[in-house]
Amino acid sequence: AWADSGVTAYGVIDTFATRIAADGLAPVTRIDASGLLASRLGLRGREALGGGLRSGFVLEAGMNGDDGSGADGNRLFNRQAWVSLGGPLGELRLGRQNTPQFYMNGKFDAFTSATQASGWNNMYGAPPRIDNAVGYFSPDLGGLTLQALVARGATGGAAPLDETAANRNLQLAAEYEHPGLYLGANYQQVDNAALPYRARRASVGASWTFTPRWTVFGAAGGERRSDGTQRTMLYSLSLRWRADGPLALAFGWAGLRDRLTGAGHGGAAELGAQAQYRLSVRTSLYGALARLRQYDRRNNFALVGAAVVAPAAQIRSPLPGGAIDGVQLGVLHTF
Amino acid sequence: AWADSGVTAYGVIDTFATRIAADGLAPVTRIDASGLLASRLGLRGREALGGGLRSGFVLEAGMNGDDGSGADGNRLFNRQAWVSLGGPLGELRLGRQNTPQFYMNGKFDAFTSATQASGWNNMYGAPPRIDNAVGYFSPDLGGLTLQALVARGATGGAAPLDETAANRNLQLAAEYEHPGLYLGANYQQVDNAALPYRARRASVGASWTFTPRWTVFGAAGGERRSDGTQRTMLYSLSLRWRADGPLALAFGWAGLRDRLTGAGHGGAAELGAQAQYRLSVRTSLYGALARLRQYDRRNNFALVGAAVVAPAAQIRSPLPGGAIDGVQLGVLHTF
Amino acid sequence: AWADSGVTAYGVIDTFATRIAADGLAPVTRIDASGLLASRLGLRGREALGGGLRSGFVLEAGMNGDDGSGADGNRLFNRQAWVSLGGPLGELRLGRQNTPQFYMNGKFDAFTSATQASGWNNMYGAPPRIDNAVGYFSPDLGGLTLQALVARGATGGAAPLDETAANRNLQLAAEYEHPGLYLGANYQQVDNAALPYRARRASVGASWTFTPRWTVFGAAGGERRSDGTQRTMLYSLSLRWRADGPLALAFGWAGLRDRLTGAGHGGAAELGAQAQYRLSVRTSLYGALARLRQYDRRNNFALVGAAVVAPAAQIRSPLPGGAIDGVQLGVLHTF
């Protein structure tokens, strides 16, 4: 029983109103879910086994507070579903889990890689989570931590895949933390038997809290496909300001350079601003402004949030080089 | 974590056996879910923010205790999924929520608009809940409370819809309560881009506890479609008797007048009786008898319960003017 | 609310790595869910009503810890969803529930009818659970208990069926327990309107703990279809050894005799070994070895586990009389 075994139940409900104007479309005003944090219900447990060993698990189900639907039509516990064994040498997690890149994204920009204002979130294509994974987390090595993940399965919310080598994922990450300083680096290669290429991504990011109130963030990430259909670099620079009181502000820019030309190709840039006002530890109001510009023949980007809106519901410009402007105002409640 | 944040988990499991005889069909005997109260699991939370402000949420998932299925194939939290902010001027709720009419229905007849015995429940077409809604609840104004709701989305358990003005809902309601007396009034208009009409409904209802044991209920509601394909008035009159002990009884009549003629049109009337016997505060046995008569060429009604049985599983008479008789015996357990 | 009403929440997450080599296929290495116990989340409650009466319920949802998916695409609470009323004369359960055979299976072999090592689990075709059931459990009659179940609905994880007599299930069971001794017997007949036969199954099983560490198990079960397309007998013999410490071992054989010949027919036999090492009361490591041999033209069996892997994902030999070898290593965590 949960009560006897130290299991913690937790949740987030984050619902916002937004107005998005994309070139070539009538502006859309709507209510949507998961702008700043992904709406979810979760259970996590941890048990000391003696001798420095421990076991644990997380089961986390994403959902949408605007219409009550689950966040993933293919999975109940779409966000995390793993069991772990750990000890002095680190922790192994077995099951569906967040990628190392996902954990880093939140530290790579001043928006915690959330809201429509985060260009990093809107333009970097790394999958947030993977089925059938074995993940390794090193202990803290004097500020340095290492992660590795191997998996055979579907990424993100895609339908489950056969666990063959043709659907393999490999990810490696290193992070260094020192008071006021954060450095992270990530490499991944993702195979999918249904796609004619291997995707490779590498990224680095850093943040520096240079005064008690100001933190600056920078990140860079490259994406390549082995069949030569993608070769992009994404850069992000952002600033966060925290008041003594309940207000935090973030401002940032992200720019994408595309080394290829032709249909669907071109650069992009986004300017974003975000404000969060804490009504309590558990409840916040937040707002975001985003201006996303695409160039040449690119028109695949959308303004998303903490949890990616179902692709069918994302608002994209039908025009090559189409611009998208967004504003959102939301309520975040955690429990 | 829930334990720290005052979240309450709750649930209902309500399962019954029924025998339904509809003209033109062999009688059906089966086990079904949600006769008196909709079977569900829910979470609700409320947080004081200081200064008279508060936030809160409800996540409520309907399910069927006869086969373990979810109540809505399109939504996990199909009954309620909203976050709220409130203060001295009232409360705003954002997300999927019950309609004002749904809240009123339970006060409009002696059956709490549940079991097969409630003609009001079987014949009044107002949707119980709506996606992507902004709801407003006034504070108590000397016994008077007001509700308003605007939404763009699907009603009931229908598949999610685009949040366009063509899928708009607008609802207004007023209620007055005084010891022993209840008055309610409701207006709604529901647009659905896939339907060639706007549905408009207006209803009023009242109850009066004229002795400690007896309460009389009356209600009237009209429904019209803007394309002229529906123009009906529904009337309901019912009586409730509560013993000092565990027994409560309800008796009632409801009648539908159809101003149109032709295929599918005609009046209807239902006589119903209901008994609830409380084994404890949390557990009841209940039974209901229903006689539903349809006239002329009407044959769309069915005997439903607290949670509408999936339309495909509802038992309707294939004959114009077909009658339906039902009896049900159930167990209700709340936790 | 749960906290006030003595409801217990509980769960299991069981995830394993396996390598399965089936004749005619390349060996498969993968991560999968529910080797030793079915991964699940559940709620159970029990309420004393006074006068020796009690009510209760169980809602239990199976899930897969490898990819977070629900265990049954048709049902949220696919494992159990029932409400009960009980008293001195026994208990009635109403809803989706485990079959008497399911409860017995775990007592019929040394593997608790789980992991790939259990031939009984892999080869006996009785359905584990049924929709729309009325189940009766007698009180303890001096070591003897009786169960009966009637239902109209789908078995296992199949899509819900109409509750007609053509989809009827009838099951009867008796068990006797005495310190160190267990005897069980079961009869069932299962109708499905979509199938051209009635399935009948009868089984008996026993176990005897003949020294504090050793228990021997034996079982036999027959299956027949009324259209003459199945007539098989399954025999199982197994041994369990429990150390004073955290280790338990099991070894066993199961053999199937097929009285029919032709396409799909033939005998089969399995040898299995299983080890469970308890890291704590709640967490175990386990491993299993299985050698399943099919003869003549049989090739329908697979190595499954506590919760049957979705049929589409089960690994079967495409060859008549194909053999399957499996090894699995898993982590089981209960909470």
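Me: Where is the place of R282(A) in chain A?
Reply: This is a predicted model, where local features need pLDDT of at least 70, side-chain atom pairs count only at pLDDT 80 or more, and totals for chains, interfaces and linings use all residues. Residues are numbered from 1 along each chain as its sequence is written, chains are lettered from A and ligands numbered from 1 in the order written, and side-chain values use heavy atoms, without hydrogens and water. R282(A) sits in the loop between β15 (268-278) and β16 (283-294) of chain A; strands are DSSP runs of E, at least two residues, numbered from the N terminus.

Me: How many residues of chain C are in contact with chain A?
Reply: Contact means heavy atoms within 4.5 Å. On that rule 27 residues of chain C meet 28 residues of chain A.

Me: What is the area buried between chain C and chain A?
Reply: The size of an interface is often given as the accessible area lost when the parts come together. Here, summed over both parts with a 1.4 Å probe, that area is about 2400 Å², with 69% from carbon and sulfur atoms. I31(C), D67(C) and F335(C) supply 23% of what chain C buries against chain A, more than any other three residues.

Definitions and conventions
Buried area is the accessible area (1.4 Å probe) that two parts lose on being put together, summed over both. Helices (H or I, at least four residues) and strands (E, at least two) are DSSP runs, numbered from the N terminus.
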